[in-house]
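Subject: The two-chain model, and what turned up in it

Hello,

Here is the structure I promised to pass on to you. Have a look at it first, and then read my notes below.

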Amino acid sequence: MIQRLLPFLTLIALFVGLSIASPDHFLSKTNLSSVVRQTAVINLMALGMTLVIISGGIDLSVGAILAMGGLMGTMAMAKGQPILVGVFLGVLTGCLCGFLNGFLTTRLKINPFIVTLGTLGILRGTTLIISNGLPVHEIPAAFSYLGEGNLVGVPFVLWVLVICAVVVHVILEHTRLGRYAFSIGSNPDAAYYAGIPVAFHTTAVYAICGMLTGLGGMIEASRLMTGQPTAGQGYELQAIAAVVIGGGSLRGGEGSVIGTLVGAFIMGLLANGSDLLGISPYLQQAIIGATIILAVSFDELRKRKMVH
Amino acid sequence: MLLQLTAIQKRFGGVVALKNGNLAVAPGEVHLLLGENGAGKSTLMKIVAGMHQPDGGEMLWKGQKVSFSKPADASAVGIAMVHQESLLAPHLSVAENIFLGREERRAFGWVNRPRMLDQARRLIEEHRFPLHADWRVEKLSPAGKQLVEICRAIAHGSSLLIFDEPTSSLSESETQEVFRIVKTLRERKMGVIYITHRLEELRTVGDRVTILRDGETVHSCGLNEITNERIIQHMVGRELGSMYQRSALAPGEELLRVEGLTRKPLLHNVSFQVRAGEIVGMAGLVGAGRTETCRALFGLDQAEAGTVHIAGQAVTVRSPREAVEQGIALIPEDRQRTGLATALPIGHNLTIADIGKVSRMGFLLDHARERGLAGEYARKLRIKCESPRQLAGRLSGGNQQKVVIAKWLVRGARVFLFDEPTRGIDVGAKVEVYEVMDELARSGAAILMVSSELPELLQVADRILVMRQGRITGELPGRTTQEEIMKLATLHDGGALLEETAE
Ligand SMILES: Nc1ncnc2c1ncn2[C@@H]1O[C@H](COP(=O)(O)OP(=O)(O)OP(=O)(O)O)[C@@H](O)[C@H]1O
Ligand SMILES: [Mg+2]
């Protein structure tokens, strides 16, 4: 039990530690909201990734999906579409990209690692072709509210994140789709023998992941106030890391929304703390890498203790 | 004494698997370890093999106190275990597997292949194993894989060999082969511990017997000092009613009609019908095409020719999903691999085939209802568990089997295909399974029951179909004899250890 709580305890320890080390800066409202804003995008992608990983898959293309979604949404706005239509288009683009991933993995029966490695290249390339490699700047000023605005005193993105987290949690724990995802990830043969429409639900999971990533792309665009065709590079690894630190298993069948959120915030606080304490960004990367390995090895240790 | 265990204890979290495990094995003795599902047999043996560490008690090996922290420690002193799930490297050859981890090396770490092959060949010849040193292990049947594990144990000079339910997935002739090997091991003064749920084989192989109940050794004696009835009493701790015999009922309308089902080279023109309320047995040797028939009916393999009618309607079934929609259920033979999500709770496993039963508005899960349903079936099949929230992988082998069976009972169907339903299930619980099947038949289901245990077919089935080499060779009434069945099943006994490749 104590080991299952380890990610929570780590998060709390980090929070307390940073509050003591840098009480004025760390606990200031500006700093805390900026942590929330910075991690919101990774958090959203990680939520989708949680579903994918639980179902036994992986999505390496989320960084590219993020850029594609952001670009489509901002281009629509630049062409004079209302903000809401732009955001909707961004999310829809993400959803379609995710659907493509799911379709390829289930129909061609190719390993998702390979499929999404491929679509990572395809989507990134397509985004660069569509945009000619140039960022989109002509965005209505009001769009910045999505990433930078506040609603009743808290960052607007926090509301978005909370709603999405609740929805994904409900999907996982209380719906058929979630139960099937666990089942497919835990033993795909058994799921198939049980008559579960495996291909349909696997595709749905990738599509949802794409949707959340598309939304992340719009938030990223809103924070930068540009549609960057090169946005989101390397984000896939952070999203996967968040899931894994939070107890998700790359072998499928394990993971939770709470765990993933905790995982993402641990990484967010590590980055923020390093900034506050003046630790070099190079060392920062190494610290985050070490955290991933530590978290997973503790989790493996716990599981081995239980099973044998 | 070769091995002496005293007061061994083992807990898994809150679950007490062993309270007081005692066992003494002498060299040259075949020691049977018996007990109900979940009694702690496998756990005790995994402790001996170094896979689990005991929480208490003493283990003496050749008179010396020992403790093993990993399997390698146990194999170093000469203890080997033949596992149910094969732990071999499938892409390597038989010889390579026998010497895996102990390859003879030449200079620079080169493996001395010719010598290894040669040694493996001699070993196989000496014991007259139906194997070839250069066969690839993935091509072997479960029985063949077990033989390789046995070869390994002998090659490593083990003096104690543990078999955990070795014959549960073997055909009759393969079982005889295992008995023969066990006897040669005994002649070589090795100790053998043998776990089984098949009472009819006890006296063919065993010398002594130790019975576990709820994690405690309740009895230990020579096999000639005890009757089977007493053994069962010790196992279940109560009197078990007389032999189960199902009373047939008048069959209703024809629910399943199969005509000319063909899938070369495994199935040739298979035709039969099953009526509502009927339990039709299917006998035959392993590889006779019984499992293939079930697979084709359930849409796991596509038949080349033939028609299937469900309740008079012609149906085509191309996937398990379509089969389920047509009201067909398959309780597969290979239950751990194809039936169970070990990392998920028992409750999830039970409801996965019919989640609609525990859903509101078609998609929101009703957890309370799920737990209730899971609890109900756990009681019905006597699944020994803490709660429906326990992970399925933490159950004993036999109880895992019961979960898979229960999953399809929860789902319900018009046509049930039971493939070896009582494999690995203890005597008491076997009767529960028969009773559940009977109940299904009485409520109007048609049941096809594939089984390699002839006594149980005779007890349960209304009619018995016999298959050989992909063909139905005859149909017998339920009250026939084992000899009649074997006659139809073995005109030519292939018993090949190499599985037929589908070409
Ligand atoms: N890894 C584990 N974690 C938790 N509980 C376990 C674990 N392994 C076994 N158990 C529990 O220990 C008890 C004994 O299990 P064991 O596998 O030894 O039974 P068994 O006698 O081999 O039964 P079977 O005939 O069904 O194979 C069972 O109640 C089982 O649920
Ligand atoms: Mg067992």
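To get you started: in which helix of chain A is Ile20(A) found? Ile20(A) is found in helix H1. Please keep in mind that this is a predicted model.

The members of the patch are Leu5(A), Phe8(A), Leu9(A), Ile12(A), Phe15(A), Val16(A), Ile20(A), Leu27(A) and Ile258(A). Together they have about 770 Å² of accessible area.

Next, the contact between the chains. Chain A brings 22 residues to the contact and chain B brings 39 residues. The area buried between chain A and chain B is about 2,500 Å², and carbon and sulfur atoms give 58% of this area.

How many salt bridges does the rule find across the interface of chain A and chain B? The rule finds one. The partners are Arg179(A) and Glu370(B), with the closest N and O atoms 2.5 Å apart. For polar contacts between chain A and chain B, the count is seven residue pairs, with both residues at pLDDT 80 or more.

On the side of chain A that touches chain B, at least two residues each come from helix H8 (156-174), helix H9 (176-186), helix H10 (188-193) and helix H14 (281-307). H9(A) gives the most to this side, with six residues. By type, the residues on this side of chain A are ten nonpolar, eight polar and four charged.

Finally, two backbone details. Most residues other than glycine have a negative phi, and most peptide bonds are trans. Lys109(A), in the loop between helix H5 (83-107) and helix H6 (112-131) of chain A, has a positive phi near 55°. In chain B, a cis peptide bond joins Lys264(B) and Pro265(B), with omega about 0°. Pro265(B) lies in the loop between strand E11 (254-263) and strand E12 (267-275) of chain B.

Best wishes

Terms used: Residues numbered from 1 in each chain as written. Chains lettered and ligands numbered in written order. Predicted model: local features only at pLDDT ≥ 70, side-chain atom pairs only at ≥ 80, totals over all residues. Heavy atoms only, no water. Contact = heavy atoms within 4.5 Å. Buried area = accessible area lost by both parts, 1.4 Å probe. Salt bridge = Lys/Arg side-chain N within 4 Å of Asp/Glu carboxyl O. Polar contact = N/O pair within 3.5 Å; in protein donor to acceptor, adjacent residues only side chain to side chain. Helix = DSSP H or I, 4+ residues; strand = E, 2+ residues; numbered from the N terminus. Nonpolar A, V, L, I, M, F, W, Y, C, P; charged D, E, K, R; others polar. Patch = residues over 30% accessible without salt bridge, like charges linked within 9 Å, V, L, I, M, F, W, Y side chains within 5 Å. Areas by Shrake-Rupley, 256 points an atom, 1.4 Å probe, with all protein chains shown as cover.
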